[in-house]
Amino acid sequence: MKQNKITVSEMALIALMAAVTCIMGPLSVPIGLVPISLTNLAVYLAIYVLGCRRGTLSYLVYLLLGLVGVPVFSGFTGGVSKLFGPTGGYLLGFIFMALICGWAIDRFSCKLLPSFIGMLLGTVVCYAFGTAWLAYQADLSFAAALAAGVLPFIPGDLAKMVIAAVVGPQIRRRLAQAQLLRNGQ
């Protein structure tokens, strides 16, 4: 029987990964309507370290902190207006990205190729949410929103996936060895 209760140490790890996202998320480079940020790298790492369910929970904690006004979003911003602004679709898309990436990483035991494919698929879904919302909010065509909110980010996002794929499984193994995670999850 699978145990669904979260232990105190797992709660602490969820909070820790939410804190990592709170530190990495605001660090951004404004290049137009959509800034380059490290939020997706933090989400990839949280998923690798904690697994799908707990990693997604850590992102939701981060998102809720930002929604109540803590300046944890790109450019040290926060609040509901950020969610309803031009980049709000990406913030919501990260939830689905975490679920898709997490499913692949958990399902295939952190094996490199299937995990990387899961990160790619999750990122494409996040891009779709973000691009649709950006087009709506900024009154752009879908193609113009894609050019502003996706195309400049592909090389950097691929690099973030590689970093997460190299570092994430190592951290996860170490936490499991330290008995801070059950069965490495």
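Predicted model: local features only at pLDDT ≥ 70, side-chain atom pairs only at ≥ 80, totals over all residues.
Student: Which residues of α6 are buried?

Tutor: Buried means under 20% relative accessible area. In α6 the residues that qualify are Ser-115, Phe-116, Gly-118, Met-119, Gly-122, Thr-123, Cys-126, Tyr-127, Gly-130, Thr-131, Leu-134 and Ala-135. An α-helix has 3.6 residues a turn, so residues three or four places apart point the same way.

Student: What do those buried residues of α6 pack against?

Tutor: They pack against α2, α5, α7 (142-149) and α8 (154-177). Just after α6, have a look at Asp-139, whose phi is positive, at about 55 degrees.

Student: Why are α3 and α5 called roughly antiparallel?

Tutor: Their packing angle is about 165 degrees, and angles over 145 count as roughly antiparallel. Helices α3 and α5 are therefore roughly antiparallel to each other. Their axes lie 8 Å apart, and the crossing is right-handed.

Student: Which residues make that contact between α3 and α5?

Tutor: From α3 come Cys-52, Thr-56, Tyr-59, Leu-60 and Leu-63. Helix α5 supplies Leu-91, Phe-94, Ile-95, Ala-98, Leu-99, Gly-102, Trp-103 and Asp-106. By kind, the residues of this contact divide into 10 nonpolar, 2 polar and 1 charged.

Student: Thr-56 is on that list. What makes Thr-56 count as buried or exposed?

Tutor: The relative accessible area of Thr-56 is 6%, and the cut-off for buried is under 20%. So Thr-56 is buried. Thr-56 sits in helix α3 (residues 52-67). Leaving aside neighbours within four places in sequence, Thr-56 is in contact with Ile-47, Gly-51, Ile-95, Ala-98 and Leu-99.

Student: How do you know the relative direction of helix α1 (residues 8-24) and helix α2 (residues 39-50)?

Tutor: The axes of α1 and α2 come within 8 Å and cross at roughly 165 degrees. That angle makes α1 roughly antiparallel to α2, given the cut-off of over 145. The crossing of α1 past α2 is right-handed.

Student: What makes up the contact between α1 and α2?

Tutor: On the α1 side are Leu-13, Ile-14, Met-17, Thr-21 and Met-24. On the α2 side are Thr-39, Leu-41, Ala-42, Leu-45, Ala-46 and Leu-50. The residues of this contact are 9 nonpolar, 2 polar and no charged.

Definitions and conventions: Residues numbered from 1 in each chain as written. Heavy atoms only, no water. Helix = DSSP H or I, 4+ residues; strand = E, 2+ residues; numbered from the N terminus. Buried < 20%, exposed > 50% of the residue type's maximum accessible area, 1.4 Å probe, protein only. Contact = heavy atoms within 4.5 Å. Axes fitted to C-alpha atoms, helices over the stretch in contact; angles between N-to-C directions. Parallel < 35°, antiparallel > 145°, perpendicular 65-115°, else oblique. Left-handed = near helix turned anticlockwise from the far one by under 90°. Nonpolar A, V, L, I, M, F, W, Y, C, P; charged D, E, K, R; others polar.
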